[in-house]
Amino acid sequence: MTTTAPAADSRVLALAHYAARGVLEHVLARHGATFQQQIALRAAAGTPQTPDGLVALVQGYLKADPAGIRATLDDLLAGRLLVADGPHLRPTDAGRELLAVVGAETAPLSARIWGGIPAEDLAATGRVLALVTERADAELAALPAP
């Protein structure tokens with residue numbers, strides 16, 4: 001299906017984000033997981049993070065309320081998908097398995113979504129989105145606290 005391409009703006013970006021996120025959330029729901037849980041688990045699977053560091057990292061990604069992120073970490077700990085390892089949180093075997101299964105299930109969907117887009121278009125889109133993210137983060141940082 002080919003459509004006339006609209007100029008990129010916040011609405012177009014949001015519609016693309018929510019369409020892609022909807023696909024991921026559909027897969028996550030089959031496994032009893034939420035989008036925020038998956039983001040937190042992925043972040044914990046990288047460089048070892050303290051709970052406060054993990055909250056800050058996820059907040060940077062999602063611009064979500066720290067209290068909600070802490071509740072998500074508590075849920076992951078209670079569900080034995082995250083475990084405390086000294087001062088750090090890390091995914092358990094079950095947490096890593098969840099990430100692997102979700103990744104395997106979303107891979108063919110992602111391939112169909114992103115497939116056939118020329119590499120130069122993807123590179124240009126990546127540059128534009130990185131710039132939009134940088135500028136939006138700066139604007140958000142300059143706003144007064146609610």
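A crossing of two helices is called right-handed if the near helix is turned clockwise from the far one by less than a right angle. In this predicted model, α1 passes α5 in a crossing of that right-handed kind, and the crossing of α2 and α3 is likewise right-handed. The protein chain holds 6 helices and 2 strands, which follow one another along the sequence in the pattern α-α-α-α-β-β-α-α.

**Overall build**

- Taken along the principal axes, the box filled by the C-alpha atoms of the protein chain comes to roughly 50 × 40 × 25 Å.
- Of the 146 residues in the protein chain, 22% count as buried.
- When contacts between residues at least 6 apart in sequence are considered, 51% of them join residues that are at least 24 apart.

**Helix α1 against helix α5**

- Helix α1, which spans residues 10-30, and helix α5, which spans residues 93-114, have axes that come within 10 Å and cross at roughly 160°.
- Angles over 145 degrees count as roughly antiparallel, and α1 and α5 are therefore roughly antiparallel to each other.
- On the α1 side the contact involves Val23, Leu24, Val27, Leu28 and Arg30, which meet Val102, Glu105, Thr106, Leu109 and Ile113 of α5.
- Sorted by class, the residues of this contact between α1 and α5 are 7 nonpolar, 1 polar and 2 charged.

**Helix α2 against helix α3**

- The axes of helix α2 (residues 35-45) and helix α3 (residues 51-62) also come within 10 Å, and they cross at roughly 125°.
- The angle places the pair in the oblique class, and α2 and α3 are therefore described as oblique to each other.
- Helix α2 contributes Phe35, Gln36, Ile39, Ala40, Ala43 and Ala44 to the contact, while helix α3 contributes Leu54, Leu57, Val58, Tyr61 and Leu62.
- In the contact of α2 with α3 there are 10 nonpolar residues and 1 polar residue, with no charged residues.

**Burial of helix α2**

- Because 9 of its 11 residues are buried, helix α2 is largely enclosed by the rest of the structure.
- The buried residues of α2 are Phe35, Gln36, Gln37, Gln38, Ile39, Ala40, Leu41, Ala43 and Ala44.
- The elements that cover these buried residues of α2 include the helices α1, α3, α4 (66-78) and α5, together with the strands β1 and β2.

**The β hairpin**

- Strand β1 (residues 82-85) pairs with strand β2 (residues 88-91) in the antiparallel sense, and the pairing runs over 4 bridges.
- Within this pairing, Leu82 stands opposite Pro91 in β2.
- The two strands β1 and β2 form a hairpin with 2 residues between them, and Gly86 in the turn has a positive phi of about 65°.

**Positive phi at residues other than glycine**

- Most residues other than glycine have a negative phi.
- Lys63, although it is not a glycine, has a positive phi of about 55°, and this residue is found in the loop between α3 and α4.
- With a relative accessible area of 41%, Lys63 is partly exposed.
- Arg80, which is not a glycine either, has a positive phi of about 60°, and Arg80 lies in the loop between α4 and β1.
- Arg80 counts as exposed, at 65% relative accessibility, since exposed means over 50%.

Definitions and conventions:
Residues are numbered from 1 along each chain as its sequence is written. This is a predicted model: local features need pLDDT of at least 70, side-chain atom pairs count only at pLDDT 80 or more; totals for chains, interfaces and linings use all residues. Side-chain values use heavy atoms; hydrogens and water are left out. Axes are lines fitted to C-alpha atoms, for helices over the stretch in contact, and angles run from 0 to 180 degrees between N-to-C directions. Angles under 35 degrees count as roughly parallel, over 145 as roughly antiparallel, 65 to 115 as roughly perpendicular and the rest as oblique. Contact means heavy atoms within 4.5 Å. Ala, Val, Leu, Ile, Met, Phe, Trp, Tyr, Cys and Pro count as nonpolar, Asp, Glu, Lys and Arg as charged, and the others, Gly among them, as polar. Two strands pair if DSSP finds at least two bridges between them. Buried means under 20% relative accessible area, exposed over 50%, partly exposed in between (1.4 Å probe, protein chains only).
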